[in-house]
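Student: I'm new to this structure and would like to learn how to read it. Could you take me through a few features, one at a time?

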Amino acid sequence: MSELKSSGKSFEISKGEVWDAYLKVKENQGSAGADGCTIEEFEKDLQGNLYKIWNRMSSGSYFPPPVKGVEIPKPHGKGVRLLGVPTVSDRIAQRVVAAHMEKRVEPVFHPDSYGYRVFEFSGGAPPVGSAEWLHSVSAGVGWLGP
């Protein structure tokens, strides 16, 4: 009888999940974080960098690096707001975590709950005029309309 062998890691995170997260981060581009590393620089040692993320996350020893603060002007000249820009490696790690969370919480959302969810259509909420939109409007959730 065969026994399942533990990988010796604290968390079950596959290298494929890290790869998928990297592809999404690459697709979104974005600027370098506090470490100054761009996507292009990260790709110079892609295998090594992805392995480090996987190894640290699956062993429970991943700690996010500092975030780069960028001041963004507010509309109408009313000051600035601080935008945090994570490093490329941290954006990949965040995508891995988000994918794990979505798998676990999506099944427990109510079908008419549209906040904080991933949808196939852009914009997050159901398209105006769709069955989901009409159901929401008839249920008294009029803010989904135009």
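Student: Let's start with His 76: is it buried or exposed?

Tutor: The general idea is a share of accessible area: buried means under 20% relative accessible area, exposed over 50%, and partly exposed in between, using a 1.4 Å probe and protein chains only. His 76 has 76% relative accessibility, so it counts as exposed. One thing to keep in mind is that this is a predicted model, where local features need pLDDT of at least 70, side-chain atom pairs count only at pLDDT 80 or more, and totals for chains, interfaces and linings use all residues. Residues are numbered from 1 along each chain as its sequence is written, and side-chain values use heavy atoms, with hydrogens and water left out.

Student: Where is His 76 found?

Tutor: Look for the loop between strand E1 (68–73) and strand E2 (80–85). Helices (H or I, at least four residues) and strands (E, at least two) are DSSP runs, numbered from the N terminus. His 76 also has a positive phi of about 65°, although it is not a glycine.

Student: How many helices and strands does the chain have?

Tutor: There are 5 helices and 2 strands. Read from the N terminus, the order is α-α-α-β-β-α-α. Of the 146 residues, 24% count as buried.

Student: How many salt bridges does the structure hold?

Tutor: Side chains of opposite charge can pair when their charged atoms come close. The cut-off for a salt bridge is a side-chain nitrogen of Lys or Arg within 4 Å of a carboxyl oxygen of Asp or Glu. This structure holds 2 of them. In one, Glu 17 and Lys 103 meet at 3.1 Å, N to O. That pair links distant parts of the chain, with Glu 17 in helix H1 (residues 15–28) and Lys 103 in helix H4, 86 residues apart. Glu 17 is buried at 19% relative accessible area, while Lys 103 is exposed at 53%.

Student: And which residue forms a salt bridge with Lys 26?

Tutor: That's Glu 43, with the closest N and O atoms 2.6 Å apart. This pair also links distant parts of the chain: Glu 43 sits in helix H2 (residues 39–43) and Lys 26 in helix H1, 17 residues apart. Glu 43 counts as partly exposed at 25% relative accessibility, and Lys 26 is partly exposed at 32%.

Student: At what angle do H1 and H4 pack?

Tutor: Axes are lines fitted to C-alpha atoms, for helices over the stretch in contact, and angles run from 0 to 180 degrees between N-to-C directions. H1 and H4 pack at about 120°, with their axes 8 Å apart. Angles under 35 degrees count as roughly parallel, over 145 as roughly antiparallel, 65 to 115 as roughly perpendicular and the rest as oblique. H1 and H4 are therefore oblique to each other.

Student: Which residues of H1 meet H4?

Tutor: Contact means heavy atoms within 4.5 Å. On the H1 side they include Val 18, Ala 21 and Tyr 22, and the H4 residues they meet include Ile 92 and Val 96. The contact of H1 with H4 divides into 7 nonpolar, 2 polar and 5 charged residues. Here Ala, Val, Leu, Ile, Met, Phe, Trp, Tyr, Cys and Pro count as nonpolar, Asp, Glu, Lys and Arg as charged, and the others, Gly among them, as polar.

Student: What about H3 and H4, at what angle do they cross?

Tutor: Their axes come within 10 Å and cross at roughly 50°, so H3 and H4 are oblique to each other. Leu 50, Ile 53 and Met 57 in H3 meet H4 residues including Ser 89 and Ala 93.
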